[in-house]
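Q: I would like to learn how to read a protein–DNA model. Could you walk me through this one?

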Number of protein chains: 2
Amino acid sequence: MAQPIPIHKHSPLKASCHQCSLSNLCLPLAIEENELDRLEDIVQQGRIFNRGEHIFDQSTPFRSCFAVKSGSVKTSIITESGEEQVTGFFMPGELVGLDSMSSSTYACTAKALERTSVCEFPVEKLEDLTGKLPELQHHMYHLMSQEIQNGHQLAMLLSKNTAEERIAALLLSLSSRFQRRRLSPTNFSLPMARNDIANFLGLAVETVSRVFTRFQNQGLIRARGREVELLDVEALQMVTRDSSRQGC
Amino acid sequence: MAQPIPIHKHSPLKASCHQCSLSNLCLPLAIEENELDRLEDIVQQGRIFNRGEHIFDQSTPFRSCFAVKSGSVKTSIITESGEEQVTGFFMPGELVGLDSMSSSTYACTAKALERTSVCEFPVEKLEDLTGKLPELQHHMYHLMSQEIQNGHQLAMLLSKNTAEERIAALLLSLSSRFQRRRLSPTNFSLPMARNDIANFLGLAVETVSRVFTRFQNQGLIRARGREVELLDVEALQMVTRDSSRQGC
DNA sequence: CGTCCGGATTGATCCATATCAAAGTTGTAC
DNA sequence: GTACAACTTTGATATGGATCAATCCGGACG
């Protein structure tokens, strides 16, 4: 397990919500300086996890939500039967753990896909604070509702779309999330293994692999291991939308 | 569209959160009398919709969440290509519209599956109130998080389970929701058509139909149209769990 | 620099479920 | 009571992706 880096009150790190380049993605507040101060009061910043380390484990006491600062996180559920179901990938600026706010234990396990730093928000303090800052409360509702919608989107992908459509959708989702961080939307490195992609999208690894090569042969992408280049974003968008083929 | 029944302040209906048999399921509050009073101040009770009527429509301005009082509700998304994806079924005591709290318009359409009465919670007022009542805020987080988990559960069902497993899971889910309302968990009437079940579970109608008859032949259920009797709940639970077959 | 090992790719085959097609059934409006 | 429309069931066939089985690649490590 990872060893959190202890942060003392008034440590130099404490000021960094103000400086954090992700502050507008993570838990953005009105430009009220003191609101951001109060958020900083409750957050534990800069905890680092190495690739493969667990940020939290399913069924252990639920204490905190975590904002990804850098790196990336995979969440998954382990069923009674021992199967894994990947429930999401989280990139910098995104909040992990919202699905656990209904229970006293974590509903899933969160694992760092690479060296990853996170900010920790203890739930109790967070709830106190959202009770005082309507903007922040609103934003929490926003994030949770967004996550519900993501779930529906995924359900839709899983129940109605072909392997190609699912993978195109994932690539485009990642692309736009990189773009939001002002990184290249066409040239990035997948943080997760083919296996994780397959599991997340309800496919076999082999299928994922085949679709990648098919896309490559069609000139839609270039892929070398985890390194991916989107060569024809429009065509990829067509792929996802062409579940509407029959309508035309 | 349905015509809401106008409720005047201080109408006799106003007192009914106290009396409502679902108050412990819907938005339960500490036994503080005055908290329930404040909830009553913001809720519009007793709006009735007939079968097929829309409670709200995707892409129209998001104003309110709705608690189902009686009857049942189906939510679904219509994609650009015109396909429908059923995202959920809501029974009495459950709150519809949480997935829309991130946007200014409804993320889905909610349709009454039968004659249905709902209580309306205008979001603005609801957010104000949750800011003042920590218990209520906590409960909102709870409900939303629960819905995220439901989504993951569904995604899992869709990506890993066979038609039989999906349908067994749905029947058991409905069963326990009926039980929560102190109705028979083994003898109930499905509020939705086979079509909706199929769509929700990512199956073809024909498959749903076949699985129902298969279950019937195996003596697990008796089904006559929408009337269903669960004859062997344990066996149904086995069906859902037997995705763990290979482990034994 | 070779060896080893987990992950990725490629190929061949099979199966669960979609799809197509056609009756049945139920409810309900006239 | 009849008849239409919507829903459901049943049967025959087709197929996308799973599964099984090698092989291949890249990086860590001796």
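**Reading the chain, then the DNA surface**

A: Gladly. The model is predicted, and its chain A has an accessible surface of about 11,500 Å², with 48% of that belonging to carbon and sulfur atoms.

Q: What share of the residues in chain A is buried?

A: A residue counts as buried when its relative accessible area is under 20%. In chain A, 53% of the 248 residues are buried.

Q: How many helices and strands does chain A have?

A: There are 8 helices and 11 strands in chain A. For contacts in this chain between residues at least 6 apart in sequence, 72% link residues at least 24 apart.

Q: Which parts of DNA strand C lie within 4 Å of the protein?

A: Sugar or phosphate accounts for 59% of those DNA atoms, and bases for the rest. On the phosphate side, one oxygen is 2.9 Å from an N or O atom in the side chain of A:Arg194, and a phosphate oxygen is 3.2 Å from a polar backbone atom of B:Ala204. On the base side, a nitrogen is 2.9 Å from an N or O atom in the side chain of B:Glu206.

Q: Which elements give two or more residues to this surface?

A: They are α6 (194-201) and α7 (205-217) of chain A, together with α7 (205-217) of chain B. The largest share, 4 residues, comes from α7(A).

Note on methods. Residues numbered from 1 in each chain as written. Chains lettered and ligands numbered in written order. Predicted model: local features only at pLDDT ≥ 70, side-chain atom pairs only at ≥ 80, totals over all residues. Heavy atoms only, no water. Near = heavy atom within 4 Å. Polar contact = N/O pair within 3.5 Å; in protein donor to acceptor, adjacent residues only side chain to side chain. Buried < 20%, exposed > 50% of the residue type's maximum accessible area, 1.4 Å probe, protein only. Contact = heavy atoms within 4.5 Å. Areas by Shrake-Rupley, 256 points an atom, 1.4 Å probe, with all protein chains shown as cover.
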